[in-house]
Amino acid sequence: MHRIAPDTIPELPLQELECFAVLVHQLHFTRTAEALGISQGRVSQLIKRLERRVGAPLFDRTSRRVELTLLGRSLADEVVPAFRQLRNSFDAARASAVAADRPLRVGFQCAVYEPVAQAIASLPEGAAQLVELSWGDPFSHLLGGKIDTAIVLSPCHEKGIRPMLEFSRQPMYVAISSTHRLARQSRVSAGELSDLGLIEPFGPAPDYWRQVNAPRKTLSGLELSYAASAGTIQEALSTVASTRLGLLICEASTRYVPRPDIRYVPVEDLEPTSLTMLQSERIRHGLADRFAELVLKHVS
């Protein structure tokens, strides 16, 4: 039997090439070190070692900037896509292995927004399972271990829950019946909003969360009143369509729940809202961090 001598197989310096691929994207040694979780000196060492292997400089370095040489750009054209594919293939294999044990249970309020849907689509089929959460109960399922991560309206200050990502900061609108007198306006003033009966979330959501998502006052101090409650956004919208009540809702949600019998009108004098991705500190799923990375990628 013929054997290939070990020294006839060329060594592939994967760590150096990975460092090169990240530096190509960052063009900054400190940010590259932070991205890789190593020291800046180690980044310099890996790049110098790769340049010695290649036989020529790959970067032009000055005190103000880092730029690719002509040879560096040529190598980057091959290496960067290759490492992206390697990362994607590894992540897909790992996700499949983790999901085979149990899919990532993702709780959501109101709608599955586009970045979230894209992140789920980037995982292997069946790796994530969607669970709709009550509008007025954003945290109980996560605290009780019924889901692995939650994407809910901010903020969250609950013990035992770790915030992973905040995104989708949106201005507030009011949903009103298309026959309501305010439906013909381009904006609803703070004074008009204070005269309108509103619908609030029904459930055990904490007061600090309600103060942001169902505020009792406008920024200028006008009192807001709530005349009804609902367990879900869909339930609240059905109430809006059949009454003279209004519902405060973020701009993004208006695009996901269009209805011919409801008009969404921008409101003045209220803070914007945002979404937050949360994870239990007690029970962590192996796909949660990767899912957060994918959501952030599609938000960006």
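1. In this predicted model, Glu200 counts as buried, at 18% relative accessibility; the cut-off for that class is under 20%. Glu200 belongs to strand S8, which covers residues 197–201. Beyond its neighbours within four places in sequence, the contacts of Glu200 are Trp135, Arg210, Ala214, Arg216, Tyr226, Ala228, Ser229 and Ala230.

2. Trp135, one of the contacts of Glu200, is also among the residues nearest the centre of the largest cavity, together with Leu153, Ile233, Ile249 and Cys250. This cavity has a volume of about 150 Å³, and its lining comprises 14 residues. Strand S10 (247–250) and strand S12 (273–280) are the elements that give two or more residues to this lining, and S10 gives the most, with 3 residues. By class, the lining holds 10 nonpolar, 4 polar and no charged residues.

3. The whole structure contains 3 cavities of 30 Å³ or more.

4. Tyr113 lies in the loop between strand S3 (104–108) and helix H5 (114–122), and Tyr256 in helix H10 (residues 251–256), so the pair ties together parts that are 143 residues apart in sequence. Tyr113 is buried, with a relative accessible area of 7%, whereas Tyr256 is partly exposed, at 33%.

Definitions and conventions. Residues are numbered from 1 along each chain as its sequence is written. This is a predicted model: local features need pLDDT of at least 70, side-chain atom pairs count only at pLDDT 80 or more; totals for chains, interfaces and linings use all residues. Side-chain values use heavy atoms; hydrogens and water are left out. Helices (H or I, at least four residues) and strands (E, at least two) are DSSP runs, numbered from the N terminus. Buried means under 20% relative accessible area, exposed over 50%, partly exposed in between (1.4 Å probe, protein chains only). Contact means heavy atoms within 4.5 Å. On a 1 Å grid over the protein atoms alone, a cavity is a set of points where a 1.4 Å probe fits but cannot get out, and a pocket is an open set with protein on both sides within 12 Å along at least five of seven lines; lining residues have an atom within 4 Å of a point. Grid points are joined across faces, edges and corners, and a volume is the space filled by probe spheres set on the points. Ala, Val, Leu, Ile, Met, Phe, Trp, Tyr, Cys and Pro count as nonpolar, Asp, Glu, Lys and Arg as charged, and the others, Gly among them, as polar.
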